[in-house]
Amino acid sequence: MLALGATYGPGSVVIGLLVAALGVAGLVSMVRVALVNRRTIREGVVAEARCLEAYVVHNRSSDGYTTSQRRLILGFLTPEGRDVRTELVAHVPYAVGDTVPVRYLPECPERVVPAGATFGIGLSAGLKGVAMLGLVYAGLSLMVMALGADWA
């Protein structure tokens, strides 16, 4: 057995596997959301939603850094006459009563994206994915070292 096998016990291996599993789940979730957003932009139905309410959410971290996020409650009618209410994080300031162009997939009109948005798996998301895979690989490598596997 390797010297590391005495330092890292079964509990460390389990924690490493949990961290790796969370990393993979986060990566899969990020890619899934990006693909749905891309499909919505390409194939989505355009609607002119009305801003029913606008508010700002402030998040303060423990180190004192504060972020703000503008959120809108939107309402629109689908071509079938269904009255839809949904929430959207806005990067453009809208006021109550403004018209907000959005796109949605007919099977889920509550999930909207701004009509002019560009989504996809860009450089930033790709680098995050590579970093996550690297962390998973490092965790698995530590697990093999901890178990003292000799596959040679």
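These legends go with several close-up views of one predicted model.

**Before you start: how the model is read.** Residues are numbered from 1 along each chain as its sequence is written. Because this is a predicted model, local features need pLDDT of at least 70 and side-chain atom pairs count only at pLDDT 80 or more, while totals for chains, interfaces and linings use all residues, and side-chain values use heavy atoms, with hydrogens and water left out.

**View 1. The whole chain, from end to end.** Follow the sequence and the pattern reads α-α-β-β-β-β-β-α. Of the 152 residues, 22% are buried; that word means under 20% relative accessible area, with exposed over 50% and partly exposed in between (1.4 Å probe, protein chains only). The accessible surface comes to about 10200 Å², and 63% of that belongs to carbon and sulfur atoms; the areas come from the Shrake-Rupley method with a 1.4 Å probe, and for residues only the protein chains shown count as cover.

View 2. The score to look at is pLDDT, the predictor's confidence in each residue, from 0 to 100. Its average over the chain is 80, and 78% of the residues score at least 70. Confidence is highest in E4, at 94, and lowest in helix H1 (residues 3-7), at a mean of 48. Over residues 1-6 the score stays under 50, and the model has seven contacts for them beyond four places in sequence; a contact means heavy atoms within 4.5 Å.

**View 3. The five-stranded sheet.** The strands line up as E3-E2-E1-E4-E5 in an open sheet with antiparallel pairing; two strands pair if DSSP finds at least two bridges between them. E3 (83-90) and E5 (108-114) each have a single partner strand, so one side of each is left without a neighbour in the sheet. From one strand to the next, the twist averages 45 degrees, with axes as lines fitted to C-alpha atoms (for helices, over the stretch in contact) and angles running from 0 to 180 degrees between N-to-C directions.

View 4. E1 (residues 45-60) and E2 (residues 66-77) are joined over 10 bridges, and Asn59 has Thr67 in E2 as its bridge partner. E4 (residues 99-105) is joined to E5 by four bridges, and a hairpin links the two through two residues. Leu105 sits opposite Cys108 in E5.

**View 5. Two buried threonines.** Thr40 belongs to helix H2 (residues 10-43) and is buried, at 1% relative accessible area. Not counting residues up to four places away in sequence, Thr40 touches Arg103, Tyr104, Leu105 and Val113. Thr78 lies in the loop between E2 and E3 and is buried too, at 7%. Leaving aside neighbours within four places, Thr78 is in contact with Val84, Tyr104 and Pro109.

**View 6. A look at the cysteines.** How many disulfides does the model have? The count is zero, taking a disulfide as a pair of cysteine sulfur atoms within 2.5 Å. Cys51 is buried at 1% relative accessibility, whereas Cys108 is partly exposed at 32%.
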